[in-house]
Amino acid sequence: MSSYDVAVIGSGPGGYVAAIRCAQLGMKTAIIEKYSTLGGTCLNVGCIPSKALLDSSHHYIDAVKHFEEHGIEVPGEIKINLEKMIGRKQSVVDQTTKGINFLMDKNKIDVFEGVGSFKDATNITITKKDGKAEVIEAKNTIIATGSKPSTLPFIKLDKERIITSTEALELKEVPKHMLVIGGGVIGLELGQVYKRLGAEVTVIEYMDRIIPGMDGALSKELTKVLKKQKVKFALSHKVKSVERKGDEVVVKADNKKGEEITFTGDYCLVAVGRHAYTDGLNLEAAGVKMEERGRIAVNDHLQTNVSNIYAIGDVIKGAMLAHKAEEEGTLVAEILAGQKPHIDYNLIPGVVYTWPEVAAVGKTEEQLKESGIEYKSGQFPMRALGRSRASGDIDGFVKILADKKTDEVLGVHMIGARVADLIAEGVTAMEFRASAEDISRMSHAHPTYAEAVKEAALAATEDRALHI
């Protein structure tokens with residue numbers, strides 16, 4: 001029987017990063033993955049493929065709607081080859097997952113394909129697809145099995161017309177009318193993909209606004225922009241039935257007045273969040289305790305009640321984000337090596353990869369008000385930037401929230417072109433406990449989208465933005 005210092009169950013961003021860091025720190029490491037490709041949800045059916053389709057559909061809509069204003073004339077009709085687009089997406093996925101294989105080899109990490117389940121706290125059974133099994137011994141184990149799409153109890157997912165994000169990445173045709181249940185990140189991103197490709201898209205959301213976990217100003221602006229793109233919204237609607245009738249899907253929901261509203265489309269994307277995935281782990285055999293919503297209970301060191309077993313990423317509390325899982329994987333590896341790492345969960349950024357992109361870090365204005373913290377706000381519109389006008393990306397703004405007395409930055413909220421990358425400036429500033437004035441005194445290259453951060457900081461510091 002093979003013996004390891006650390007075994008990692010699950011090879012998503014949290015799992016494979018944990019394995020690499022453990023190996024870097026001198027631990028003999030194994031990683032266990034039940035699927036034939038490494039990378040988990042993010043690389044195979046999540047972050048990476050969805051971004052590939054977002055980029056492809058963005059190129060298409062630019063060609064159809066914006067090339068002419070740039071003086072680019074395309075003879076003939078611009079057509080979509082959905083099969084080729086999906087094929088390109090898959091090639092991006094394949095290249096990325098092969099990169100993980102390379103990293104495992106480079107770091108001398110043993111890869112086991114099969115379902116990992118606890119025989120006891122230090123022994124893990126790995127069952128392959130053909131039913132054959134082997135047992136490895138692990139001094140420490142990191143559970144990183146991620147999450148699966150959630151649904152509603154009364155919805156029967158047929159994975160043909162009533163689908164999750166996984167099936168939405170593999171459609172054989174552009175829907176005529178896609179109904180999207182859920183106005184969060186996944187629903188909006190995939191909804192925008194198919195809207196660009198020609199589908200009518202209606203987003204049905206239980207809450208009174210989309211991206212409800214983010215700052216209200218971001219939600220309001222994104223709603224306005226997506227409405228301009230002809231996405232329809234049914235907010236404050238409680239879905240109560242979803243039925244397939246041939247090639248049609250009928251969704252019934254009650255609006256805030258209690259009236260029943262019927263929506264009809266040819267596809268229905270159920271995007272109501274994700275839930276922790278622990279099936280097959282046999283946690284009871286190891287004595288690992290669970291908490292509410294099917295998650296694994298951990299302490300501040302991400303250690304379960306069984307001292308040599310840790311859990312990271314979507315299977316534990318907190319935002320279900322790939323980069324959050326990566327930070328946790330690194331943290332556990334360094335704890336096992338005797339180091340004293342730390343994660344500030346307030347400084348894990350959140351991003352929506354629609355266009356315009358949405359990104360945020362720190363406290364929202366609603367959270368500051370609820371906590372009774374006195375703050376000041378500085379906001380700067382993207383349309384006031386020369387770079388935005390040059391590219392035609394004039395929607396959105398940057399908003400900086402700072403402590404009223406100390407000027408320390410408490411939150412940064414952005415919507416606009418490339419803010420998914422730009423939010424790192426906010427994270428960096430807040431990690432070093434910068435003030436709004438600190439940011440305002442930093443030189444920002446001109447012309448760039450980043451100038452909006454400096455201008456918002458100026459607005460928050462002394463209400464003296466220069467270009468509005």
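I looked up the second largest cavity: G187, L188, G191, Q192, V201, V203, L226 and V231 line it. A cavity here is a set of points on a 1 Å grid over the protein atoms alone where a 1.4 Å probe fits but cannot get out, and lining residues have an atom within 4 Å of a point. This is a predicted model, where local features need pLDDT of at least 70, side-chain atom pairs count only at pLDDT 80 or more, and totals for chains, interfaces and linings use all residues. I number residues from 1 along each chain as its sequence is written, and side-chain values use heavy atoms, without hydrogens and water.

The second largest cavity has a volume of about 30 Å³. Volume is the space filled by probe spheres set on the points, with grid points joined across faces, edges and corners. Helix α6 (185-196) gives the largest share of this lining, 4 residues. By class I get 5 nonpolar, 3 polar and no charged residues. Ala, Val, Leu, Ile, Met, Phe, Trp, Tyr, Cys and Pro count as nonpolar, Asp, Glu, Lys and Arg as charged, and the others, Gly among them, as polar.

I then searched the whole structure and found 2 cavities of 30 Å³ or more. The largest cavity holds about 50 Å³. Its lining is P149, S165, I186, V270, A271, V272, G273 and R274. That lining splits into 5 nonpolar, 2 polar and 1 charged residues.

Terms used: On a 1 Å grid over the protein atoms alone, a cavity is a set of points where a 1.4 Å probe fits but cannot get out, and a pocket is an open set with protein on both sides within 12 Å along at least five of seven lines; lining residues have an atom within 4 Å of a point. Helices (H or I, at least four residues) and strands (E, at least two) are DSSP runs, numbered from the N terminus.
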